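Colleague: I am new to this one and would like to know what each label rests on. Can we go through it term by term?

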Amino acid sequence: QVPLVASGGASVQTGGSLTLSCAASGDTNSINYMAWFRQGPGKEREGVAAIRTGSSSTYYADSVRARFTISEDTTKNMMFLEMSDLKPEDTAMYYCAADPTRHATWALLSEREYSRWGQGTPVNVSS
């Protein structure tokens, strides 16, 4: 197991920016992909962004493309989600996840493909 710890959630106003962090520990060499998911009030958990570790390959949900940027610092076993131009609909609990079962593009933002999850960090965007 690879413990994941998400942090950085906060309350911001519409149009604001925020960066979330996810720290991985344990056997991180086995991780090929990591991702961010979110679950808004009364909504299902949805994939936001994914990254192939050690590469520049990134994947985004259409709803956040051009506003969110996923990145990593492999030297520190950290993953980040830079969020800009935040909207009230971005309000959610954000989770980091690692090591999806399948690596097809469609799978990387699919909740059921991941078994390793961090605890959530809350983001609240007020209008």
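Modeller: Start with pairing: two strands pair if DSSP finds at least two bridges between them. A strand is itself a DSSP run of at least two residues, numbered from the N terminus. The model is a predicted one.

Colleague: What makes strand E4 (residues 33-39) and E5 a pair?

Modeller: The cut-off is at least two bridges. E4 and E5 are joined over six bridges, in the antiparallel sense. One of these places Met 34 with its bridge partner Ile 51 in E5. The two strands form a hairpin with six residues between them, and Gly 42 in the turn has a positive phi of about 70 degrees.

Colleague: What does E5 form with strand E6 (residues 58-60)?

Modeller: E5 and E6 pair in the antiparallel sense over three bridges, and the definition asks for at least two. Tyr 59 in E6 stands opposite Ala 50. Here too there is a hairpin, with five residues between the strands; Gly 54 in the turn has a positive phi of about 75 degrees.

Colleague: Why is strand E5 (residues 46-52) called largely enclosed?

Modeller: A residue is buried when its relative accessible area is under 20%. Five of the seven residues of E5 are buried, so the strand is largely enclosed by the rest of the structure.

Colleague: Which strands form the open sheet, and in what order?

Modeller: Four strands form the open sheet, in the order E1-E3-E8-E7, with antiparallel pairing. Strand E1 (4-7) and E7 are at the edges: each has a single partner strand, so one side of each has no neighbour in the sheet. Neighbouring strands are turned by 15 degrees against each other on average, direction ignored.

Colleague: How do you know that strand E3 (residues 18-24) and E8 pair?

Modeller: Six bridges link E3 and E8 in the antiparallel sense, against a requirement of at least two. Among the facing residues, Thr 19 has Glu 82 in E8 as its bridge partner, and Ala 23 stands opposite Met 78 in E8.

Colleague: And what links E7 to E8?

Modeller: E7 and E8 also pair over six bridges, in the antiparallel sense. Glu 72 stands opposite Met 79 in E8. Four residues lie between the strands of this hairpin, and Asn 77 takes a positive phi there, near 55 degrees.

Colleague: Which residues of E8 are on the covered face, and which on the uncovered one?

Modeller: The covered face holds Met 79, Leu 81 and Met 83, while Met 78, Phe 80 and Glu 82 make up the uncovered face. In a regular strand the side chains alternate between the two faces of the sheet.

Colleague: Is Asn 77 buried, exposed or partly exposed?

Modeller: Buried is under 20% and exposed is over 50%. The relative accessible area of Asn 77 is 32%, so Asn 77 is partly exposed. Asn 77 is in the loop between E7 and E8, and its positive phi occurs in a residue other than glycine.

Colleague: What is the phi of Asp 99, and where does Asp 99 lie?

Modeller: Asp 99 has a positive phi of about 60 degrees, although it is not a glycine. Asp 99 lies in the loop between E9 and helix H1 (105-108). With a relative accessible area of 22%, Asp 99 is partly exposed.

Colleague: Why does Leu 86 count as buried?

Modeller: The cut-off for buried is under 20%. Leu 86 has 0% relative accessibility, so Leu 86 counts as buried. Leu 86 is in the loop between E8 and strand E9 (92-98). Not counting residues up to four places away in sequence, Leu 86 touches residues including Val 12, Leu 18, Phe 68 and Val 125. Gly 16 is 70 residues from Leu 86 in sequence but 5.4 Å from it in space, C-alpha to C-alpha.

Colleague: What is known about the largest pocket?

Modeller: The largest pocket has a volume of about 190 Å³. Of its 13 lining residues, Thr 28, Thr 53, Glu 72, Thr 74 and Asn 77 are the closest to the centre. Strand E7 (68-73) and strand E8 (78-83) are the elements that give two or more residues to the lining. By class, the lining has five nonpolar, six polar and two charged residues.

Conventions. Residues numbered from 1 in each chain as written. Predicted model: local features only at pLDDT ≥ 70, side-chain atom pairs only at ≥ 80, totals over all residues. Heavy atoms only, no water. 1 Å grid on protein atoms, 1.4 Å probe; cavity = no way out; pocket = protein on both sides within 12 Å on 5 of 7 lines; lining within 4 Å. Points joined across faces, edges and corners; volume = space filled by probe spheres on them. Nonpolar A, V, L, I, M, F, W, Y, C, P; charged D, E, K, R; others polar. Axes fitted to C-alpha atoms, helices over the stretch in contact; angles between N-to-C directions. Buried < 20%, exposed > 50% of the residue type's maximum accessible area, 1.4 Å probe, protein only. Contact = heavy atoms within 4.5 Å.
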